[in-house]
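Subject: Structure handover and notes

Dear colleague,

I am passing on the structure we spoke about, and my notes on it follow below. Please read them with the structure open beside you.

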Amino acid sequence: MNFLFINSTNIIFLMEIIGTIAFASSGALTAMKKNMDIFGVNVLAIITAVGGGCIRDLIIGQTPPIMFIEPIYALVAMITCNLLFLVLYLNRKLFTNSFMQKYEKLMLLLDAIGLGIFTVIGVSTGMHTAYSDNLFLIIFLGVITGVGGGVLRDILATQKPYILVRHVYACASLIGAILCALLWPVGDVPAMGIGAIAVLIIRLLAMKFRWNLPKLNL
């Protein structure tokens, strides 16, 4: 039993690190495109990576938030964005139209991976609280963990939040959170895996076929 618990914990931690790297890269790229200096790049990268989890922790009364108790996530975000900044700073010629198009596609993929991972991490966090029988709260925690950092990033970058205008973003997180929560009795790792994969597939399909929710162009 202890062996299974260790495996489960390690898998979840690995998912968190992958998600942190993905979201930190997304935040750093946004900052660089907005011509922010290296401090601004770090701020946006860290907020994108851990902002959703911070909001989640405050909602469930976890103070101080996990990002301050376990600074490994902020540290990983800092290392990621500074390495990315250094590479692009030393190779300015990489900022060509063809390179940036390829890079933005990679960032969209990483963002989709991060969204799936952090959505199910949010559900998992909720399931390990006293509110595990509150399905509405559990699903909300999953979604806010997945999209919260991106919303804070976009607000600081003075741009319209991505989740409100682009390619079935928050809805993908919502579907993944629902699946993860409903499948939780089967096992935490299978539920989280299925939920994260569902988010990733929906996001990739939405990007490929340019799915959007109905809206009025007034």
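This is a predicted model: local features need pLDDT of at least 70, side-chain atom pairs count only at pLDDT 80 or more; totals for chains, interfaces and linings use all residues.

Aromatic pairs

Rings of Phe, Tyr and Trp are taken as a pair if their centres lie within 6.5 Å, and as stacked if their planes are under 30 degrees apart. By this rule the structure has 4 aromatic pairs. One of them joins Phe-85 and Tyr-89, which are stacked with 5.7 Å from centre to centre and 15° between the planes. Both of these residues belong to helix H4, where they sit 4 residues apart, or about one turn of the helix. Phe-85 has a relative accessible area of 18%, so it is classed as buried, whereas Tyr-89, at 46%, is classed as partly exposed. Another stacked pair is formed by Phe-209 and Trp-211, with 6.0 Å between the ring centres and an angle of 20° between the planes. Phe-209 counts as partly exposed because its relative accessible area of 48% falls between the two cut-offs of 20% and 50%. Trp-211 is also partly exposed, with a relative accessibility of 38%.

Helix H4 and the nonpolar patch

Helix H4 covers residues 72-90, and its 19 residues reach 27 Å from the first C-alpha to the last, which is close to the 27 Å expected at 1.5 Å a residue. When the helix is viewed down its axis, the buried residues of H4 fall within an arc of 160°, so they line one face of the helix. The buried residues of H4 include Tyr-73, Ala-77, Cys-81, Phe-85 and Leu-88. On the face of H4 turned away from its buried side are the exposed residues Leu-83 and Leu-90.

Which residues form the nonpolar patch on the surface? The patch is made up of Phe-13, Ile-72, Leu-75, Ile-79 and Leu-83, which together have about 440 Å² of accessible area. Helix H4 gives the largest share of this patch, namely 4 residues. Leu-83, which lies in H4, has a relative accessible area of 52% and is therefore exposed.

Salt bridges

How many salt bridges does the structure hold? There are 2. In one of them the side chains of Arg-56 and Asp-57 meet at 3.0 Å, N to O; Arg-56 is buried at 7% relative accessibility, and Asp-57 is buried at 2%. In the other, the side chains of Asp-154 and Arg-153 meet at 2.9 Å, N to O, with Asp-154 buried at a relative accessible area of 1% and Arg-153 buried at 6%.

A buried loop residue

Tyr-162 is placed in the loop between helix H6 (135-156) and helix H7 (169-183). Tyr-162 is buried, because its relative accessible area is 17%, which is under the 20% cut-off.

With best wishes

Conventions:
Residues are numbered from 1 along each chain as its sequence is written. Side-chain values use heavy atoms; hydrogens and water are left out. Patches are made of residues with over 30% relative accessible area and no salt bridge: like charges are joined within 9 Å, nonpolar side chains (Val, Leu, Ile, Met, Phe, Trp, Tyr) within 5 Å. Accessible areas come from the Shrake-Rupley method with a 1.4 Å probe; for residues, only the protein chains shown count as cover. A salt bridge is a side-chain nitrogen of Lys or Arg within 4 Å of a carboxyl oxygen of Asp or Glu. Helices (H or I, at least four residues) and strands (E, at least two) are DSSP runs, numbered from the N terminus. Buried means under 20% relative accessible area, exposed over 50%, partly exposed in between (1.4 Å probe, protein chains only). The expected span of a helix is 1.5 Å times one less than its number of residues. The arc is that of the directions from the helix axis to the C-beta atoms. Rings of Phe, Tyr and Trp (its six-membered ring) pair if their centres lie within 6.5 Å; planes under 30 degrees apart count as stacked, over 60 as edge-to-face and the rest as tilted.
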